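This briefing summarises selected local and overall features of the model shown below. Points are grouped by topic.

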Amino acid sequence: MQKWIMFSLFIVACLLGAGVLFQNISVRQAEMAKEAHAGPQLKFVASNYQFDKPEYTVKAGEKVSVSFQNKEGLHAMEIVGLNVKLDGTNKSAEVTFDKPGTYEVHCVLPCGPGHAEMKTKLVVQ
Ligand SMILES: [Cu+2]
């Protein structure tokens with residue numbers, strides 16, 4: 001009788017172990033799928049007192065994953081008129097740019113003597 005109980009417990013433990021293992025695998029697969037499905041990227045890298053490009057381009061109607069990185073100094077960015085604001089804490093957002101046009105992007109965190117000139121452009125095509 002006791003042997004039977006031990007055997008049952010062993011089976012239950014094995015099933016639990018296998019369950020946890022498969023759950024981990026499916027979580028990892030979901031993460032990988034998410035990364036693989038990641039569409040166009042728009043990355044702003046800020047330093048004192050400029051962004052890494054004078055102009056950025058995206059296509060209208062596409063879901064873009066926008067990210068922001070401080071490479072030097074402390075900055076924050078805003079895409080004027082689109083309500084997209086990113087900073088060192090809130091670093092990324094999924095944005096669909098609907099209206100083609102040229103938008104100003106600027107630093108919104110007083111960061112030093114070059115702050116007022118810290119601007120770039122986003123072209124939505
Ligand atoms: Cu600034």
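This is a predicted model: local features need pLDDT of at least 70, side-chain atom pairs count only at pLDDT 80 or more; totals for chains, interfaces and linings use all residues.

**Strand pairing**
- Strand S3 pairs with strand S9 (residues 119-124) in the parallel sense, over 4 bridges.

**Backbone geometry in loops**
- Most residues other than glycine have a negative phi, and most peptide bonds are trans.
- The peptide bond between asparagine 48 and tyrosine 49 is cis, with omega at about -5 degrees.
- Tyrosine 49 sits in the loop that runs between strand S1 (41-47) and strand S2 (50-51).
- Asparagine 83, although not a glycine, has a positive phi of about 60 degrees.
- Asparagine 83 is located in the loop between strand S5 (77-79) and strand S6 (84-86).
- The relative accessible area of asparagine 83 is 67%, so this residue is exposed, the cut-off being over 50%.

**Domain arrangement**
- The domain assignment of the chain gives domain 1 as residues 1-37 and domain 2 as residues 41-124.
- The centres of domain 1 and domain 2, taken over C-alpha atoms, are 44 Å apart.

Conventions
Residues are numbered from 1 along each chain as its sequence is written. Side-chain values use heavy atoms; hydrogens and water are left out. Domain bounds come from an automatic or database domain assignment. Helices (H or I, at least four residues) and strands (E, at least two) are DSSP runs, numbered from the N terminus. Buried means under 20% relative accessible area, exposed over 50%, partly exposed in between (1.4 Å probe, protein chains only). Two strands pair if DSSP finds at least two bridges between them.
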